[in-house]
Amino acid sequence: INAQLEGLDVLEKLIHSLIRNGLGTLDKKEQKLIQEHVKQMGNYYLSGAQSELRRLALVLSDKDQEKAYTYAVEQLAVMNAMIKKGRQYLTSKLEDPEMALDHESTIEEWLGHAWQLTELQSFGLVSEQAELIQLSFLSYADDARLEHVDTGYWIQKDSGEIHRTIQYRPYKAAKLMREEDSFIDKARVPVLYRYPGDMNRRVRFEEMASTPVTEEDMVWIHEYAAGSYADAIKKVKNQLKNPLADSHPVMLLHVSRISRNAEGQYAITDEAGQSVALGDVFLQPTVPMLRYLPEEKLSGVSMLVMFEHCLTTGRLLAQPLTIITNHEIIRLLY
């Protein structure tokens, strides 16, 4: 704990130095200094800080300086929040060695703690006999973590919650680990473990039985789709206000209709007439695929979307991941 607190102090001094000098003055010397601090964070047992500092270096290496500075400011805000909350938590833990792990926020993971299933169970973060259907899957390389990330988005039948399964495959060991893949059946899970967090909590399960997805399943999936975009956007904005929360929350929305303006910009509209602009916010583009779908599959459906607050425009955008009709699940990303 003392080492981690010392590491947070070192990280804070670096960040304050970068801000005081101004990002516009950043040269190869400062870039090298950042990389040296990336290595140091590992010595302070701060793997989360190490990844985020490496992410800052990657952002600053973007040749588009205006874009780089915009996202660097956001990244600095994330790291500042992590330092403040991490220091507060570690100080309390130092004063009370018997203090329980924080199972309500994500601060443990930010500080590098790897949750064990027995720990999650001891805090009651389990559900029994859960039924899940995977609505989307994506796999990507995270150069800040130096890992491949396999992520599945699943909907839970008894609650309607959208969860995430995440597998990290370190670059160095990727050849020795099996890559996850899309799962098209319904999973019956004896014990579902939930990680601390807000929207789209990470979940894990050790075993499952699979059965085909039926049209009856489409009925309850549609019932959980948010009908009011005003309420959905409010929930998303509350999440985005927290710098340490996932900046790409995923929600299931009911789509009354989908439209396209003269500039080719797509938008979805709810029953009240409120619209949300669609855009490609994460990895592979999916919006261009909408033009290949017939009209009847673009209205009166449910759509799984990933939100992002676009820093360069200040707009809230949603990227379509999956469309659910009365008869099928159409994945745009898988």
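1. The model is predicted: local features require pLDDT of at least 70 and side-chain atom pairs pLDDT 80 or more, while totals for chains, interfaces and linings use all residues. Residues are numbered from 1 along each chain as its sequence is written, and side-chain values use heavy atoms, without hydrogens and water.

2. An open, antiparallel sheet is built from four strands in the order β7-β11-β12-β13. Strands (E, at least two residues) and helices (H or I, at least four) are DSSP runs numbered from the N terminus; two strands pair if DSSP finds at least two bridges between them. Because β7 (250-255) and β13 (329-331) each have a single partner strand, one side of each lacks a neighbour in the sheet. Neighbouring strands are turned by 40° against each other on average, direction ignored; axes are lines fitted to C-alpha atoms, for helices over the stretch in contact, and angles between N-to-C directions run from 0 to 180 degrees.

3. Between β11 (residues 301-309) and β12 (residues 316-324) there are eight bridges. M303 lies opposite I323 in β12.

4. Helix α7 (residues 215-224) packs on this sheet, touching β7, β11, β12 and β13, and its direction makes about 165° with that of β12. Helix α8 (residues 229-240) also packs there, touching β7, β11 and β12, at about 165° to the direction of β7. Contact means heavy atoms within 4.5 Å.

5. β2 (147-156) is among the strands that each supply at least two residues of the lining of the second largest pocket. The largest share of that lining, four residues, comes from β2.
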